[in-house]
Amino acid sequence: MNTYTIDLSLQPTTFDLWHICLAGTVAVLALTLIIVLIGMVMSLRRKPETITITAEPIVKIVEVEKIVQAPTPEPVVLKESTPDAALQLLGLLQKEARFIDFIEEDIAAYSDADIGIAARVVHEGCSKAIKEHFTLAPVRSEAEGNKITLQQGFDATTVRLTGNIVGKAPFTGSLIHKGWQVTSVRLPKLTQGYNAAILAAAEVEL
Amino acid sequence: MSLFDHIKKPKSPETATTPTTSAFANMGKPAEPIAATEPVKPVPASAPFTPIGWETEKVTATNTPDNATGQHFFVGIDLGTTHCVLSYAVASDDEDAEFSQQVMAIPQLTSLGMVEDKYQLPSFLYQAHEVEIAEGATALPWTHKPAYLVGEVARTLGSKTPIRLVSSAKSWLCHAGVDCKAPILPADAPEEIERVSPFQATTAYLQHIRDAWEYQHPNAPLSEQELVITVPASFDPAARELTVEAARAVGLHQAILLEEPQAAVYSWIEKSHGEWRKQAKCGDVILVIDVGGGTTDLSLIAVTEQNGNLELTRVAIGDHILLGGDNMDLALAYTVKAKLEKDGKRLEPWKIQALTHGCRDAKEKIFTQADVDNIPLVVANRGSSLIGGTLRTELTRAEVNRVLVEGFFPKVAASDRPVTRTRAGLRTAGLPYAQDAGITRHLAAFLAKQQHATEDLKDVNLPEHATFLHPTAVLFNGGVLKADALANRLMEVLNSWLQSEQAPEARLLAGADLDLAVARGAAYYGFVRQGKGVRIKGGTAAAYYVGIESAMPAIPGLPPEIEALCIAPFGMEEGTQKELPDDEFGLVIGEPVRFRFFASNTRREDIVGTRLDYWTDDELSELDEIEITLAEDGRRAGEVVPVHLRAAVTEVGTLELHAVSQKDDGQWKIEFDVRAGE
């Protein structure tokens, strides 16, 4: 009877081409599996390195962003003065010179003589307060009215040109105002919780 | 970790460039004396942050290498009646190193909540009411709440509330008849105001100065520096002792004392860089006239020669005269007041005070500007309305001359003496201000009294017919004498006296720094004490005596006669002592014994043990009583111990008296500062 039964006890007794091919296929498959397994193990081991590799590009991106920013015009940031120093100065002027009192008073009702008397208080006090807390110096030491020459590249923040501004440096003109600059500032330090907005405390005599 | 490194690196330079953070970065460091908040222009190197008029002074702290450990300084403190100044110099190991010193800016409250650096610390203390001070408003860089309000803030607050203001504590220290450790100041304060003693006030000023120093020099505690504190030459032993004790109370145990006029001379020597040897010559008698804010101090220094080297000896000091620049401002204010009252205007006390301020400024202007003949004085209304309510008057040159030049420096003869009148009862309630404002008269009295001061010095020769000691040179000190009109008048009067006795005119020694000389000279004295310059000799400027009852039959109705027994002679040098073994006293253990105590700044010839049974008021002045209490330690109460007295002048410059038992070397200190105990 021509039936296909699988007899497991059967063993190849001859080495024919088929069997060689079969054995070869098995060997190739096994090798492939081993390579794949090794590859997986290797890739697992490399894992931390791969993170570094991914991290570095992030840093680079940050830098790239900056570089991109640089050529574009920076957004203009205007310096914002803190009110404390300004209030402090007002407070000092009030204390020494009665500055706020003077400014806040309606002077229309008074004669020039009366205003003149008060102006002495203000002038003397302001002069004292300013001299005590600032050192002033003229920007230009030449006498006003003298001819002076400004070379190429002079500092436009310290000298302002007016009038017939044409041509190229050097510029020659007459000094109208010698200018003022502060060479040092000595403002008092304030304790925590000091309210600079109170320019002068109300005074109550007991 | 590498991740963080990447983040950190780009960030730090960014933050450092922002001005706000850099300002905060300085917060922990000692403040620069002048807080520079972003200079508008770069400061030229030749003009550092220097207030006007201080060109020669370097600004402190910034120049000080604070972080250098083991740095050593010579420090001088001028503990003045109206303000204190500290001057210092780095002590260098280098032998040839120049002595270059600077004045320390002292951070202090200038008003509540505001701290500023000033070269002077006004010697005022304000006892604030608790409701006056907001929480934290008295903070200083080194403390949240100082024990006492001192300095500019005290003066400002006190100008409006005088009942809480302590001023002139120093003058009280030398005021006979009060206990300087008893809370007596402010003298006019109502009951509920907590009072302090003059001693406490002095301690508070020293404490502030010490704290300021240690804040700026965290690695050089003041207690480890060569420290010299100045006192008026006319301070009595008790006042000197109290000053040293105040220094000790704030941990400054090493402080030594120096007389202010001597400090002025040291400063003059230091500033001259050796040139003083050309200005002074052998045989000179230098008269030091120190007119400060509250006191006038006179000293005489003789220049002699020893082995070819010039030597300086302080030969005499004057009495303690409470008369100074403050009196002058007040005198002007009252002149103006009288003028206004003639016009029918009434002046409240606050207006007089404002006038005094105004007069001080006006006086300075008139003295410094020759072309100004009158200065308008304006007293503004106290309310917010400035115009209208303001009082206007003026001070003229003629008035200034009349009141100050003629009033305080009158042209008098050498034979004139200060006028004294008997005071009405209230003497101990206030300070014993000088009754005669004529400084020239005080000077005449001083020179006549000290006529024999130089008799022991062979280099100094006084003509036979002289009626007063002839000074050959004059050194000025004190802010008052910055006014040429006053300085010239003083010289004119002195020279007129000299001319009348055919003596050559006295020359004015140049180069004195009238405001800062005392502090500077004190710092220099620390340097000199290391053997690095000429030292003024002198020792004690007075001889001291105790009063003992003379052995005489008692006369009913009369107090027993008193003899003065010399226990310390004139000119005792620092670090010496004198025993008085022949006069024994039997003292009872456990019972305080008091002696009357006298000083003489003219009797140079008395030695220890000299008994005087007669003296004029001019010769001996009575100081406060001294007291000995023999503690029991191991003895029986009531036991009588025979003791003798021993006087010693310490290295510090104070006089110490001890009772010494001859049997067993037991010693008891005699206290000076028992005042007004009766």
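In this predicted model, B:G177 is found in the loop that runs between α4 and α5 (198-216) of chain B. B:G177 counts as exposed because 11 C-beta neighbours lie inside 10 Å, and a residue with 12 or fewer falls in that class. Along the chain, B:G177 and B:D665 are 488 residues apart, and their C-alpha atoms are separated by 33 Å.

Chain B as a whole contains 14 helices and 28 strands. Of its 678 residues, 45% count as buried. Among its contacts between residues at least 6 apart in sequence, 72% join residues at least 24 apart.

The chain is divided into four domains, listed below with their bounds.

| Domain of chain B | Residues |
|---|---|
| domain 1 | 72-254 |
| domain 2 | 280-323 + 424-537 |
| domain 3 | 325-407 |
| domain 4 | 543-671 |

The C-alpha centres of domain 1 and domain 2 of chain B lie 27 Å apart. Between these two domains, 30 residues of domain 1 of chain B are in contact with 27 residues of domain 2 of chain B. On the domain 1 side that touches domain 2, at least two residues each are supplied by β1 (72-79), β2 (83-91), β3 (101-103), α4 (169-173) and β10 (226-231) of chain B. By residue class, this side of domain 1 divides into 16 nonpolar, 12 polar and 2 charged residues.

Helix α7 of chain B covers residues 260-272. The helix has 13 residues and reaches 18 Å from its first C-alpha to its last, close to the 18 Å expected at 1.5 Å a residue. Because 11 of the 13 residues of α7(B) are buried, this helix is largely enclosed by the rest of the structure. The buried residues include B:E260, B:P261, B:Q262, B:Y266, B:W268 and B:E270. Just after α7(B), B:H273 takes a positive phi of about 50°.

The largest nonpolar core has 197 residues, of which B:L86, B:L125 and B:I567 touch the most other members. Helix α14 (residues 517-532) of chain B gives this core its largest share, 9 residues. Leaving aside residues up to four places away in sequence, B:L125 touches B:Y148, B:L149, B:V150, B:A154, B:V166, B:V196, B:A201 and B:A204.

Conventions. Residues numbered from 1 in each chain as written. Chains lettered and ligands numbered in written order. Predicted model: local features only at pLDDT ≥ 70, side-chain atom pairs only at ≥ 80, totals over all residues. Domains from an automatic or database assignment. Contact = placed C-beta atoms within 7 Å. Helix = DSSP H or I, 4+ residues; strand = E, 2+ residues; numbered from the N terminus. Nonpolar A, V, L, I, M, F, W, Y, C, P; charged D, E, K, R; others polar. Buried ≥ 20, exposed ≤ 12 C-beta atoms within 10 Å, placed from the backbone. Expected span 1.5 Å × (residues − 1). Core = buried A, V, L, I, M, F, W, Y, C linked by C-beta atoms within 7 Å.
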